[in-house]
Amino acid sequence: MSDGPLYLGFDLSTQQLKAIVVQSDLQVVADAKVDFDQDFGAKYGIKKGVLVNEDEGEVYAPVAMWLESLDLVLQRLQEKNTPLNRIRGISGSCQQHGSVYWSRQAETLLGGLQADKTLVDQLKDAFSHPYGPNWQDHSTQNQCDQFDAKLGSAERLAEVTGSAAHHRFTGTQIMRLRGKLPDMYAATSRISLVSSFLASLFLGTVAPIDISDACGMNLWDIPGNNWSEPLLELTAGKDGVAELRSKLGEVRQDGGGSMGGVNSYFQTKYGFSADCEVAPFTGDNPATILALPLRPLDAIVSLGTSTTFLMSTPVYKPDPSYHFFNHPTTPGQYMFMLCYKNGGLAREKVRDALPKPAAADADAATDPWATFNKHALATPPLDMHSDTDRAKLGLYFYLPEIVPNIRAGTWRYTCNGTDGSNLQEEEEKEGKQAWPASTDARTIVESQALSMRLRSQNLVHSPSSGSSSGSSVLPAQPRRIYLVGGGSLNPAIARIIGDVLGAADGVYKLDVGGNACALGGAYKAVWARERAEGETFDELIGKRWKEEGAIQKVGDGYREGVFQRYGNVLAAFEEMEGRILKVAKNT
Ligand SMILES: Nc1ncnc2c1ncn2[C@@H]1O[C@H](COP(=O)(O)OP(=O)(O)O)[C@@H](O)[C@H]1O
Ligand SMILES: O=C(CO)[C@@H](O)[C@H](O)COP(=O)(O)O
């Protein structure tokens, strides 16, 4: 380790709080994490990081657990002898859309934190609501319908806010909580996103909402660069607009720079220096695109609790079936995103339904994914053993899905594999599912990737020019796919994602694997503090980032023939979703 300045990045996501420390040259020097279930499952009664009220479709997390986790993760960094005194900048990434409700005492309590007590003990009265709604919440269909209608249509709402109305988006959540808990709303002085909440703890005062994360609220007018007046009115009522505006505060336009020095609590308790500055924090997906210099036509697939597909683009082309956000560091750039609730946890359900391996299977004894991977790789694309076999397609939604807006359920279909014709549902017979559980291992990953291919096809073009694949007329596809998140460690998933989505230069994984968004946060802190006048994030990180040691090629990506095989059934996949949507739409 050199003795220069260090930068700290956080990721407060669904299941964990992770911290990562890098040098100015971007080398990682330390990390630590808190796993909510392992560390606090019994105390807070959470599962997979959250509490669930099935009756109302509510999913939420205790704010106190996040406070305890922050003290614990810093303690763990200290125990690893991380020189916290050399940290010059802190930034971070947090699960998107979640909101935290501060009480009127918040500013006083945040400003008066004492190092001999814990955050959780001192901030007990700093919140008007003990919970933050989680992005998996689906209690707001009624509010979503009103949001879509308010500006005339879902299309128009997407043009203005970057997205059609979504259950998890903060505007619909605030609107519902205001109706359900009017006293709580009245007692709220400020509303933070999870990212600005975590930044506030370091700052010792409520931090502004970030320009990229603000786009996950259905309240921020992206082209107008302001809160949308009609949508504030819908959320808070005609007379409540000024009050809601003041609860939300100003949005910080600059993703870099400093919002202020680190609170003395962290200086005294953990040895942070008075020179350490707090940079704006952002959402976990915006931070993920900062974990490496992402070029146009490169895509990131994040395999965390959610599965997301991300691209960076200068073109603002919103549509109700996906999301556009302001880029977290670069004005005039945007982030394109698809987000699926049925990501990691849905793959786990399929994995757990597989026939148990023999006790002597050494791979299965050490890797819980070994059996899943064996079946996924032993099954041919679409389970077609020959050209005349019917192709298998499925939807595995253990939770109500985002896009398409379909209720929880599992569906299995087949179609003609050569052209997608003759699509038919394969129903259960006498309690037996249409095909063996072992086939589901491949089909679920194919299904997730087919959905991404379907919805991103207008954003990609042929990467032939400059591609290392040698071919001159490649079909439209990403140039590279980078895998991040917990599932990026899985070689079978990498293979299948490349088979379906292509990627002319191959599929790569980040060496920090599950820590990509924390790393993006740490890089953001480096840029925030070390940027020269006018120097963009991509310029600064591009100069310092070294491919070697940062990424590893884990799959070929595009394979001629296989890619086309999936192309043949893409329309059938869309038709299957459409048919299911007609009978199983979320209400
Ligand atoms: N080898 C693996 N193969 C597939 N999935 C994995 C593997 N290792 C971890 N995961 C998945 O990663 C998920 C957690 O990913 P992570 O990015 O840490 O989540 P989050 O940031 O949402 O808390 C878990 O739900 C788990 O299923
Ligand atoms: O809702 C979204 C994005 O719109 C999710 O991607 C959340 O941001 C949570 O992410 P993870 O906990 O899966 O990292």
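Please keep in mind that the model is predicted.

Let me begin with ligand 1. A shell of 16 residues surrounds it, and the closest are Gly304, Thr305, Gly344, Gly486 and Asn490. Helix α14, which spans residues 344-352, supplies three residues, the largest share of this shell. By class, twelve residues of the shell around ligand 1 are polar, three are nonpolar and one is charged.

I turn now to ligand 2. Which residues come nearest to ligand 2? They are Ser13, Thr14, Gln96, Trp135 and Gly304, out of 16 residues around this ligand. The shell around ligand 2 comprises twelve polar, two nonpolar and two charged residues. Domain 1 (6-285) and domain 2 (290-343 + 458-558) each contribute at least three residues to the shell around ligand 2. An unreviewed UniProt entry assigns residues 135-290 the annotation "domain: Carbohydrate kinase FGGY N-terminal".

Finally, the strands. Is strand β21, residues 390-397, mostly covered or mostly uncovered? Strand β21 is mostly covered, with seven of its eight residues buried. Its partner is strand β22, residues 409-416; the two run antiparallel and are joined by eight bridges. Within this pairing, Tyr396 has Thr410 of β22 as its bridge partner.

Notes: Residues numbered from 1 in each chain as written. Chains lettered and ligands numbered in written order. Predicted model: local features only at pLDDT ≥ 70, side-chain atom pairs only at ≥ 80, totals over all residues. Buried ≥ 20, exposed ≤ 12 C-beta atoms within 10 Å, placed from the backbone. Helix = DSSP H or I, 4+ residues; strand = E, 2+ residues; numbered from the N terminus. Pairing = 2+ DSSP bridges. Near = placed C-beta within 6 Å. Nonpolar A, V, L, I, M, F, W, Y, C, P; charged D, E, K, R; others polar. UniProt positions renumbered as here; feature names shortened; annotations may be inferred. Domains from an automatic or database assignment.
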